[in-house]
Amino acid sequence: MSVPSVAVVAFNHFSPFHFSVPCIVFDDVLPGQKLFDLKICAGEPGEKRSRQGFSIDTSFGLEELAQADIVIVPYWRDPAEKPNQELLDALVAAHRRGALVVGLCLGTYVLAYAGLLDGRKAGTHWEFEQDFVTRFPKVH
C-alpha cells in the first residue's frame, strides 16, 4: 500500500519552529509503520539557512512538488517579497493536479502570491492581517 507523499518547501531564512511542525507531524512516529513519505524540497537555489544559524541540505527540488499529495509552505521570510516564479508555478501546477497545498502562518503569503487563495477564505499570522488584506484584496 502506498503512503501519501508530503513535500515541505525550504528556502533561505526559514523559521526553525515553523519548519519543524510539519516535519514532526508527518515524520515516522510509529515504529515499523510508515504513514507518510516526507521530503524536504528546496524552494529556491542556494543556501537554506535560518537567521539562527540552522541550515538545511536536501537533494530534492521543486520537481518533487509535481508528485506530492500534500505540499506545505511552512513560512515566508518577508511578506513584501514575492517568491521566485519557479516556486509559484510549481505550487499552481501541484494544486491543479489535485495536491493539497498548505500555507502555514506566513506561508499563506506564498500561496496568495501564486494566486491560489483568490476568492477563498484564508488566515495568516495576526500581526500581518492588515498587510495581507491590503496586499491581496481578492482573498477573503
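**Exercise 1.** Classify E44, which has 14% relative accessibility, as buried or exposed, then find its salt-bridge partner.

*Solution.* Step 1: at 14%, E44 counts as buried (buried means under 20% relative accessible area, exposed over 50%, partly exposed in between, with a 1.4 Å probe and protein chains only). Before going on, please note that this is a predicted model, in which local features need pLDDT of at least 70 and side-chain atom pairs count only at pLDDT 80 or more, while totals for chains, interfaces and linings use all residues. Residues are numbered from 1 along each chain as its sequence is written, and side-chain values use heavy atoms, with hydrogens and water left out.

Step 2: the partner is R77, joined to E44 by a salt bridge whose closest N and O atoms are 2.7 Å apart (a side-chain nitrogen of Lys or Arg within 4 Å of a carboxyl oxygen of Asp or Glu). Step 3: E44 sits in the loop between β2 (37-42) and β3, and R77 in the loop between β3 and α2, so the pair ties together parts 33 residues apart in sequence (helices are DSSP runs of H or I with at least four residues, strands are runs of E with at least two, numbered from the N terminus). Step 4: R77 is buried too, with a relative accessible area of 15%.

**Exercise 2.** Describe how D131 and R135 are placed relative to each other and how their side chains meet.

*Solution.* Step 1: both belong to helix α4 (residues 129-135), and being 4 residues apart, they are separated by about one helical turn. Step 2: an α-helix has 3.6 residues a turn, so residues three or four places apart point the same way. Step 3: the two side chains form a salt bridge of 2.9 Å, N to O. Step 4: D131 is partly exposed at 25% relative accessibility, and R135 is partly exposed at 32%.

**Exercise 3.** Check the length of helix α2 (residues 85-96), then list its buried residues and what covers them.

*Solution.* Step 1: 12 residues at 1.5 Å each should span 16 Å, and the end C-alpha atoms are 16 Å apart, which agrees (the expected span is 1.5 Å times one less than the number of residues). Step 2: the buried residues of α2 are L87, L88, A90, L91, V92 and A94. Step 3: their cover includes β1 (5-10), β3 (70-73), β4 (100-103) and α3 (107-113) (contact means heavy atoms within 4.5 Å). Step 4: after α2 comes G98, with a positive phi near 105°.
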